[in-house]
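The following note is intended for a colleague who is meeting this structure for the first time.

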Amino acid sequence: MSTSLILLVILIVGLAAYFAGRARAMASSNGKLSALHSLPGYHGVYVAIWSVLPAAVILALWLIASPFFVENATRNSLPEDVRNQGGATTELMLGQVMQVANGLRLLNADEMAAVTGDPAVLRDTLAAKGVPMANAGEAYMVTSAKTYNSMKDTSRWAMSAVVLLIAIAGAVFAIRGITAPFRARNRVERVMLGALLLASSIAILTTVGIVGSMLSEAIRFFQSVSPSAFFFGTVWDPRFSAAGSGGTEGQFGLLPLLAGTLYIAFVAMLFAVPVGLFAAIYMAEYAKPAVRGIAKPLLEILAGIPTIVYGFFALITVGPFLRDMSAQLNGLVTGNYVNFIQAQSVLTAGLVMGIMLIPFVSSLSDDIITQVPRSLRDGSLGLGATRSETIKRVILPAALPGIVGALLLTASRAVGETMIVVLAAGVAARMQLNPFEAMTTVTVKIVNQLTGDLEFNSPQTLVAFALGITLFAITLCLNIYALYIVRKYREQYE
Amino acid sequence: MNMMSEAAVEKALDQKMNTVPLKMIGKDVSVYYGEKRALYDVNLDVRENTVTALIGPSGCGKSTFLRTLNRMNDTIDSCRVTGKITLDGGDIYDPNIDVVELRARVGMVFQKPNPFPKSIYENVTYGPKIHGLARTKADLDQIVEQSLQKAGLWNEVKDRLHESGTGLSGGQQQRLCIARAVAVSPEVILMDEPCSALDPIATAKVEELIHELRTNFTIVIVTHSMQQAARVSQRTAMFHLGNLVEENDTDKMFTNPDDQRTQDYIMGRFG
């Protein structure tokens, strides 16, 4: 039976178990539902869980474990001389045998007999069936392949039988346990808890796994490039990892990228924070409900635009506009129509990223400002303060921890933003302070280093992991600092 | 109901309160929330240096009337006020009047203590700073001390003026809010159920304070507690379903009210 068929059968058994459990519970209630501790449905679910869950777990374990055993046995069935040729060759031959084993399944009885009798025709016969072979056929291949196939079949049959048996046994065991006072509801609750726990631990473990794999790759990178050269290097020149260019070591200085990242994020925040904050204050304090009902969703649409769209907005519209405008300005002032703003520049990227961040700032701040209790507003207005005095002196200070948290979250988005800077910031890794010139960011360089055909063994590609982990560390620090500030202010204000 | 002694009744009559000048005059005041009418042509005067208590069952319009006196109803979008209210003869709903200045003259203390999330000192200096009442730090210090003295809080907090006002107990917070209102030197202080969130001891302190504040300020207080109205006020106004039922000297109100509804409410027959 195929795996999906087994699954289907288990589910059918589970469904049957559900109804059986229900019926059993109904029967044991003697017609009085109130005699049952749990509703019949819970008894049904309880029985179904007992029949499906253990069977599914065994199925999964078997599917994971059986290939190891089968391959190991097949490896041992290979002739001595093949096994003595070393690990790589053995694995190659094992692959060959498995290929043959798959091919053998396509042959009919006559062809099978021919192949068994004369291994020399194996290659051609299989090729005719669409199964290519690297080496010429040999006698041991056919025997090993047959062992492999028979073991796989046995395993599959055994698995089907065992899983089915467990499903039925589980159902029977659970049904026998059903009595009127049985607390099926609480048992089901516990299984639900387990499922929820599993889901959340998957999310956490994934994060841990990602960090772990990034770390291990980054460590591989640091084996060929020293950490001090990476973290304190001022030149970014990774070179290309051409085949056989073993001697050409690039320079992997992080600082120009980090400077660009922080500079562009800074320009973006410079633009997004006042606009976003003022928009939030207007929305929360001044806007009439009707205006707010329209303007707030409109503003939040900005947050839904994919960043790549902002990217080409920057590339096609904002960049050239700034370039031409600077040329005109320069012409008006000095008579020399040469642009002083590059089309791809810190300013372009920062400006467009700032637009992208406005809804984040305004939406988060708006939520926080509206959470400030109305009594504080009344208190201030009742003392004869104007609205803007109330906002400046009472509402913003009270909302400050939340707003700082929102801003730091926004900043960590700005640092990690990729598509806008790829298109608008340029790729020149330079350290300079002129916002009208191009700079580049960590994310842009990660994209650059990982574009094209790659093998993950040269520092040129592995550096992406080191950059990634650096970026991760920065955003992590920002978030931790945000939490710290929020907690500190909360203590002060509560 | 005979909760006042004969002597107290006589004393009240002797005071001849009718001669006290009027601080605020409300004439045909009606309030609408959208389509809903909350107050019906209320005519109610507030006497100078007197505590006026507004009583009545929930939703009778007493808080609404209180909030018309310093135009706090303006902060509610759908709210509309008709009629005329004067403060020392000046119409406070005149389009030319400065609402901010009005609220500096008619301060307010709210139901729930609402100190700002700032230090005790900053809470008290908030109003004076906005209105420019103090030029120097010394002036501010003096205002803080005087206001807290008047609010009966000075001795409890003088050593921790720069700690957060939200760290005080409920009763202390409410007295801080009173000190905050007093610091602006208003002429009238409106109190909207100032003791409803306080325990009996804190309530007693606030009531005592109201009694003392009367010498310097005109006070209008909304309360749910009949006993409180009897204890702290000289005049009482009874509201019911948006109408002013009766306005009278407190002593008379609680011994021999003119209106049957007042009698019923005071006796606890509804409310």
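1. At what angle do α2(A) and helix α7 (residues 139–177) of chain A pack, and how far apart are their axes? The model is a predicted one, and in it the two helices pack at an angle of about 165°, with axes 8 Å apart. That angle makes α2(A) roughly antiparallel to α7(A). The crossing in which α2(A) passes α7(A) is right-handed. Sorted by class, the residues of this contact are 22 nonpolar, 8 polar and 1 charged.

2. Helix α2 (residues 40–77) of chain A has a further partner in helix α8 (residues 184–224) of chain A; the two axes come within 8 Å and cross at roughly 50°. The two helices are therefore oblique to each other. Here α2(A) passes α8(A) in a left-handed crossing. On the α2(A) side the contact is made by A:Y42, A:H43, A:V45, A:Y46 and A:I49. On the α8(A) side the residues are A:A184, A:R185, A:R187, A:V188 and A:V191. By class, this contact comprises 7 nonpolar, 1 polar and 2 charged residues.

3. An α-helix has 3.6 residues a turn, so residues three or four places apart point the same way. A pair of packed helices, for its part, is described by the angle between the axes and the distance between them.

4. Chain A as a whole contains 18 helices and 2 strands. Its radius of gyration is 34 Å, whereas a compact globule of 494 residues would have one near 23 Å. Taken along the principal axes, the C-alpha atoms of chain A fill a box of roughly 95 × 80 × 40 Å. Buried residues account for 36% of the 494 residues of chain A.

5. Chain B has 11 helices and 10 strands. Its radius of gyration of 19 Å is close to the 18 Å given by the globule rule for 271 residues, so chain B is as compact as a globular protein of that length. The C-alpha trace of chain B spans about 55 × 45 × 30 Å along its principal axes. Of the 271 residues in chain B, 46% are buried. Among its contacts between residues at least 6 apart in sequence, 68% join residues at least 24 apart.

6. After α14(A) comes A:G384, whose phi is positive, near 90°.

7. B:N49 is not a glycine, yet has a positive phi of about 50°; its place is the loop between β2 (36–47) and β3 (51–55) of chain B. B:R71, also not a glycine, has a positive phi of about 60° and lies in the loop between α2 (62–68) and β4 (79–87) of chain B.

8. Are B:N49 and B:R71 buried or partly exposed? B:N49 is partly exposed, because it has 16 other C-beta atoms within 10 Å. B:R71 counts as buried, because it has 20 C-beta neighbours inside 10 Å.

9. B:T166 is buried, since 20 other C-beta atoms lie within 10 Å. From B:T166 to B:L176 there are 10 residues in sequence and 9.9 Å in space, C-alpha to C-alpha.

Conventions:
Residues numbered from 1 in each chain as written. Chains lettered and ligands numbered in written order. Predicted model: local features only at pLDDT ≥ 70, side-chain atom pairs only at ≥ 80, totals over all residues. Axes fitted to C-alpha atoms, helices over the stretch in contact; angles between N-to-C directions. Helix = DSSP H or I, 4+ residues; strand = E, 2+ residues; numbered from the N terminus. Parallel < 35°, antiparallel > 145°, perpendicular 65-115°, else oblique. Left-handed = near helix turned anticlockwise from the far one by under 90°. Contact = placed C-beta atoms within 7 Å. Nonpolar A, V, L, I, M, F, W, Y, C, P; charged D, E, K, R; others polar. Rg over C-alpha atoms; globule rule 2.2 N^0.38 Å. Buried ≥ 20, exposed ≤ 12 C-beta atoms within 10 Å, placed from the backbone.
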